[in-house]
Each structure stands twice: as C-alpha cells, then as structure tokens.
Amino acid sequence: MIDVAIFASGTGTNFVNLVKNEKLNKYINIDLLVCDNGEAKVIEEAKNLGIKVLVFNPKEYKEKKDYEKMLLEKTSKYKYLILAGYMRIISEYFLKNYNGKIINIHPSILPKYKGLNAIERAYNDKEKEIGVTIHYVNEKVDDGKIISQDKFIVDYNKSLEEIISQVHKIEYDLYPKTLIEIFRKDNL
Ligand code: GRF
C-alpha cells in the first residue's frame, strides 16, 4: 500500500471522488489532506471521510519558502502528492527537496489554456474540443510531463455551466483511472 497526500484548496469534488474510488484505494492509502484555505469545503469532506487534515494559512508565513519548508517536513514520507484543485504554485525549492512525484489535474487540453478559468477561456474562444489533462508537476504552471488526456467536441448549444459539468465528469473518470495505472505499475 502506498501512502499519499492530496492537496486541495476548494470544493473538493475530485478529492471525494478519489477517496471513494474502491479500485484506486486497493493501491493507495489516502492518508492526509493538505489545504491552504481554512474556509474550503474540502476540509469538511475530509473530516466526514475520516481523513487527517493539515490546514495552513500562507499569510501567516513570512515567505513562500517558510510554509513550503513546513509542508516538506509534513509530507516527506509520501512517495506521491496528488493535487486536486490546489491553487498554489509549487516552487522550485519544494520540487528540489521533495523526494517523490507530484501529479496534477488541469481542466484543459494542455499545453492550451494553462492557469485559471481554463474552461471558460476555451469556451469563449469557441474551441472545437475541450478536455482534461493529468500531468506531473514541474516548477511552471500546468506545464510538466503529460500523463493522460481526455476530451470531447463542444456542443455550443450548451451553456458554459453545462460544459463545466461535462468537464468535471471527465475528471472524475480520468483522474482515478490514470492514478490506478501509475500505482499499479509502481506496485509491480
Ligand atoms: C478541477 O476542475 C481541477 O481540474 C482543477 O480545479 C478543480 C477542482 O475542483 N485543478 P474540485 O475542488 O475538485 O471540485
């Protein structure tokens, strides 16, 4: 069993989806939620699911390096960190000192639409296809090696909200599926 921590900042629907995926949880033990926002719904979700929570407030630290040092100490035992809507950039300092792999999910067909509001920007640009990418994390935003992608042809009779929920549906399928593949190989 591989111990992992999930980093999330928001609602936590991907977090819950991963925790509840029985097949995925045959390979990993989701041991800890790390959250940088004391108000985030994901905290309550983790507590209800009996998962340890580490909440920190970046504003209480002088520099990014200071809270990342704390995070490194708390997460060094995990071979993998899984980001699911974690809204902060992981710095080069963290990446250099973390002895494991960090995986992220982003709601666009990378390398297109890195950063915030990716679905909305793609929709407003009338992109033919919209999708989701799972990738390893490097020091740039939404930039590391791509692991998997899924996409669909956009029906512009649908509202942005409908397209956003279509993207989320893909996320709930692609993220566990991709992680199972990674952890299955890791276990061989
Ligand atoms: C997801 O769309 C994910 O791709 C992005 O942030 C969102 C998180 O949503 N990185 P949730 O908190 O899992 O509901």
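Which polar backbone atom is 3.0 Å from a nitrogen atom of the ligand? Select I105, whose polar backbone atom is the one at that distance from the ligand nitrogen, a polar contact here being a pair of N or O atoms within 3.5 Å.

This is a predicted model, in which local features need pLDDT of at least 70 and side-chain atom pairs count only at pLDDT 80 or more, while totals for chains, interfaces and linings use all residues. Residues are numbered from 1 along each chain as its sequence is written, and side-chain values use heavy atoms, with hydrogens and water left out.

Next, select T13, where a polar side-chain atom lies 2.5 Å from an oxygen atom of the ligand, and then E171, where a polar side-chain atom lies 2.3 Å from a ligand oxygen. On its own the ligand has 370 Å² of accessible area, of which the protein covers 84% (Shrake-Rupley method, 1.4 Å probe).

**The largest pocket**

The ligand sits in the largest pocket, in the sense that more than half of its atoms lie within 2 Å of the pocket's grid points. A pocket is an open set of points on a 1 Å grid over the protein atoms alone, where a 1.4 Å probe fits and protein lies on both sides within 12 Å along at least five of seven lines; lining residues have an atom within 4 Å of a point. About 910 Å³ of space lies in this pocket, a volume being the space filled by probe spheres set on the points. Its lining has 36 residues, and G85, M87, I105, H106 and P107 lie nearest the centre. Colour α1, β5 (101–106), α5 (118–124) and α6, the elements that give two or more residues to the lining (DSSP runs, helices of at least four residues in H or I and strands of at least two in E, numbered from the N terminus).

**The loop between β5 and α5**

Finally, move to P111 in the loop between β5 and α5, where the peptide bond from L110 to P111 is cis, with omega near 15°. Y113 is also found in the loop between β5 and α5, and its phi is near 55°, a positive value in a residue other than glycine.

Technical notes. Polar contact = N/O pair within 3.5 Å; in protein donor to acceptor, adjacent residues only side chain to side chain.
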